[in-house]
Amino acid sequence: MNLLIKNIKQLVTVSAAGKRFKAGPEMNDLGIVENATVLIENGRISWTGRTSDFEQTVPDSIDTLDAEGLVALPGFVDSHTHALFAGTRENEFALRSAGKSYTEIASAGGGILSTVAAVRAATKKELKKNARKHLDGMLRSGTTTVEIKSGYGLNEPDEIKMMDAINELADEQLIGIAATFLGAHAVPPEYTENTGEYVQLICSRILPYLARRKALQFCDVFCDNGFFSVDQARTILEAARTLGISIKMHADQLSQIGASVLAAELGAVSADHLEKIDDAGIAALQRAGTIATVLPGVSFFLNEEYSPARKIIGAGVPLAIASDFNPGSNMSFSMPLMMTIACTQMRLTPEEAITAATLNGAAALNMSGQTGSIEPGKQADIIFYDVPNYRSIVYHYGTNFAAHIVKHGTLLDY
Ligand SMILES: [Zn+2]
């Protein structure tokens, strides 16, 4: 697909220097070009700059888009979601609104395990049908790449069913999809007395089977009190690493047990959540170059504390924002909304929020060589917004202003 986009009022490149991620003060530098043109050849960006400087020869067969009055941003990279599930949990939302805590609801049969029961009962076809609707909504709201985790099967056949569904969606959908195995999302009800046996099942059977079939890009573990201990997480993640699989962690969400320090020690690509991260965890992530992925929508939806994003940025750790879209703790996949919450509640600047939701999200998926910024050589994942300037995307919240979406060079009009 060849496409020439002219007269862009404001082009937010995020990065123009081939950076893998941005950290510290450079998160505020968005590489903005006014009155810009972008040339896309074979789905990839081949030129960006001011329209007045454009002198390239264009291919014979090319479509043109006049983006007059529009603001262009890289497509968002939502690097942490649980977008494949069955059933919804409106009843829990109502209970929480009436004052019940997430833990009280979980012990009354709600929480992750209620979604596990629904996913086990669903066919792969049903799971994919549910997910397609969400993926379409994500793309319409500007997310061009999304990570999806398993973790609602919690046994061998149902975890494999989820991973197969994610991989099949990746083959058929336009939105980019990264597949993460999260067999250690919660302790399965069948293994509450012998969690070690489930850890062994993951390490000796499920992970090797998925790795042989190249069915996963990442292995993730929910490491926290009441879930998987630091030692159990280490066992699973070392097994994944031995198989050549990159790792991620749900770390420091509910309590501080040393999860982000473990993530750094094991060379995880990202440590996610971090509501309870301490100074040792922040220092460890900084030394390891691990991306700190914060999930502002979860704190908002559960009305709980936010991750110390300012402190994390101040320490020079690259920070990413993701939605954590899931039926229990955040039923929204709107990245612009997550960015607004990050600005109002975590005190990010709009510029930091944009960097965190694009380039740094791509880095959290080992994909910043391909997407996350608008620069020559990368695939053309660009959203055009009908707003006065780029800050409006975060400021004028709750409404989707995407006018055109370009995914891998393909122009979609909505
Ligand atoms: Zn999660």
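Student: Which residues does H80 touch, not counting residues up to four places away in sequence?

Tutor: A word on the model before that. This is a predicted model, in which local features need pLDDT of at least 70 and side-chain atom pairs count only at pLDDT 80 or more, while totals for chains, interfaces and linings use all residues. Residues are numbered from 1 along each chain as its sequence is written, and side-chain values use heavy atoms, with hydrogens and water left out.

Tutor: Contact means heavy atoms within 4.5 Å. Leaving aside residues up to four places away in sequence, H80 touches E147, K149, H250, D272, H273, L295, A322, S323, D324 and F325.

Student: Where is H80 found, and is H80 buried or exposed?

Tutor: H80 is found in the loop between β6 (76-78) and α1 (90-97). Those labels follow DSSP runs numbered from the N terminus: helices are H or I with at least four residues, strands are E with at least two. For burial, the cut-offs are under 20% relative accessible area for buried, over 50% for exposed, and partly exposed in between (1.4 Å probe, protein chains only). H80 has a relative accessible area of 0%, so it is buried.

Student: How do I read a strand such as β8, and which strands are joined to β8 by bridges?

Tutor: Look for bridges: two strands pair if DSSP finds at least two bridges between them. Strand β7 (residues 143-149) runs parallel to β8, and 5 bridges join them; V146 has I177 in β8 as its bridge partner. On to strand β9 (residues 218-223), which also runs parallel to β8 and is joined to it by 3 bridges. There, T180 stands opposite F218 in β9. The chain goes from β8 through helix α6 (residues 195-212) to β9 in a right-handed β-α-β crossover. Right-handed here means that, with the strands pointing away from the viewer, the path from the first strand over the helix to the second runs clockwise.

Student: Why is β8 described as largely enclosed by the rest of the structure?

Tutor: Because 9 of the 9 residues of β8 (residues 176-184) are buried.

Student: Which way do the residues of β5 point?

Tutor: In strand β5 (residues 71-74), V71 and L73 point one way, A72 and P74 the other, and all are buried. Strand β1 (residues 3-12) runs parallel to β5 with 2 bridges, where L11 has A72 as its partner. With β14, β5 runs antiparallel and has 4 bridges; P74 stands opposite I382 there.

Student: What lines the largest cavity?

Tutor: The lining consists of P336, Y385, S392, I393, H396, T399, N400 and F401, around about 40 Å³ of space. By this rule there is 1 cavity of 30 Å³ or more.

Student: Which value of phi does D252 have?

Tutor: Most residues other than glycine have a negative phi. D252 is not a glycine, yet its phi is positive, about 55 degrees. D252 lies in the loop between β10 (246-251) and α8 (259-265), and with a relative accessible area of 0% it is buried. N35, in strand β2 (residues 32-41), also has a positive phi, near 50 degrees, but N35 is partly exposed, at 43%.

Key
On a 1 Å grid over the protein atoms alone, a cavity is a set of points where a 1.4 Å probe fits but cannot get out, and a pocket is an open set with protein on both sides within 12 Å along at least five of seven lines; lining residues have an atom within 4 Å of a point. Grid points are joined across faces, edges and corners, and a volume is the space filled by probe spheres set on the points.
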